[in-house]
Amino acid sequence: MPTYLPAFLDTLEAPASLRQLIINIAEACRDIGQTVNNSALNNLQGELAQENVQGEVQKQLDVIANDLMLEPARWDGLVSALASEEMDTIYPLPSKGDYLLTFDPIDGSSNIDVNGLVGTIFSVLPSPSGEVTEADFLKAGQEQVAAGYAIYGPQTTLLFTLGQGVHAFTLNRDTGAWVLINPSVRLPESTAEFAINMAYQRHWHPPVRRYVEECLAGKTGPRAKDFNMRWLASMVGDLHRILTRGGVFVYPTDTRKGSENGKLRLLYEVAPFSFLIEQAGGMATDGRDRILDIVPHSLHQRTGVVLGVREEVETVKSYH
Ligand code: AHG
Ligand code: MN
Ligand code: MN
């Protein structure tokens, strides 16, 4: 007998409102996944002639997926306000609820037109009871009550945590039901696989340069083992592989103008994945500090990040 999402949620220690919120988020992801699957048929690929607040050219699907997440009926009585990578400011909802929701509607959007991996990342924070302001979203990652992502690959898969481990579900595309595939996702103790965009090598700071050089040196180098490298240009894809079979993901700050603070965004990408990775037994740092301890000072703040199997993250950290 398969275990479905609502029944599994009932086995977790969590308020009914949070369990319902996860079900509604899963539904939103199912809708986005369907839109992604049919995007070529419906002429929804390609770029728009507009940029988001990050100065990135938006794809049609970035905007459509964002709109699917904003539908107020999904969050009625559960969520007070939303914040998204694709919106300048927070989006208060007419009804109040216990939670704030932040999200990256389509992560890896450069992959859309090549039928590569994309997904949706989300994070849930507690809501204040009164009016919500931007400051209510500027909370350290350890304040998250839930985080997760859906990935629209050969299978549509949802992973999430409520702070009691990481749980994986796959969508039955015929029935629309989310089916449990792994109640407790755990990272291995060690790995021989790293993920970094090597094209920026000449701009890296010495600690990252040293780490990658030592990996590349293989069996006869200081790490005494051969490493493999993967880079999908989709954090959700790279982290899903890492949560499945191990590895380490590095998107560092570097010396380029505009990259002093890295590329990835704390609230929509890095904090939720850091929560998941820690809950799966791994570690997440910006090189010096634990990601989940960083208190953001702005909604769209970026950060350098190293996350994945603990042994590798410790190694990179020790070089800083
Ligand atoms: P998004 O599509 O939400 O803008 O995020 C893309 C991110 C992340 O998913 C990926 O790891 C990274 O950008 C890839 O960046 P490079 O193109 O610099 O490798
Ligand atoms: Mn992203
Ligand atoms: Mn995105």
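Donors are N, O and S atoms within 2.8 Å of the metal (3.2 Å for Na, K and Ca); water is not among the atoms, so sites may look incomplete. This is a predicted model, in which local features need pLDDT of at least 70 and side-chain atom pairs count only at pLDDT 80 or more, while totals for chains, interfaces and linings use all residues. Residues are numbered from 1 along each chain as its sequence is written, chains are lettered from A and ligands numbered from 1 in the order in which they are written, and side-chain values use heavy atoms, with hydrogens and water left out.

**Manganese sites**

| Ion | Protein donors | Distance | Spacing along the chain |
|---|---|---|---|
| manganese ion (ligand 2) | D104 (OD), D107 (OD), E269 (OE) | 1.9 to 2.1 Å | D-x2-D-x161-E |
| manganese ion (ligand 3) | E85 (OE), D104 (OD), I106 (O) | 2.2 to 2.3 Å | E-x18-D-x1-I |

D104 coordinates both ions, which are 3.6 Å apart. Helices (H or I, at least four residues) and strands (E, at least two) are DSSP runs, numbered from the N terminus. At the manganese ion (ligand 3), E85 comes from the loop between β3 and β4 (91-92) and D104 from strand β5, so the parts tied together are 19 residues apart in sequence.

**Domain interface**

An automatic or database domain assignment supplies the domain bounds. Domain 1 covers 5-182 and domain 2 covers 193-319; their centres, taken over C-alpha atoms, are separated by 23 Å. Contact (heavy atoms within 4.5 Å) involves 47 residues of domain 1 and 31 residues of domain 2. The buried area, meaning the accessible area (1.4 Å probe) that two parts lose on being put together, summed over both, is about 2800 Å², and carbon and sulfur atoms give 63% of that area.

Two salt bridges cross the interface, a salt bridge being a side-chain nitrogen of Lys or Arg within 4 Å of a carboxyl oxygen of Asp or Glu.

On the side of domain 1 that touches domain 2, at least two residues come from each of β3 (79-84), β5 (99-107), β6 (119-126), β7 (146-152) and β8 (156-161). The most come from β7, with six residues.
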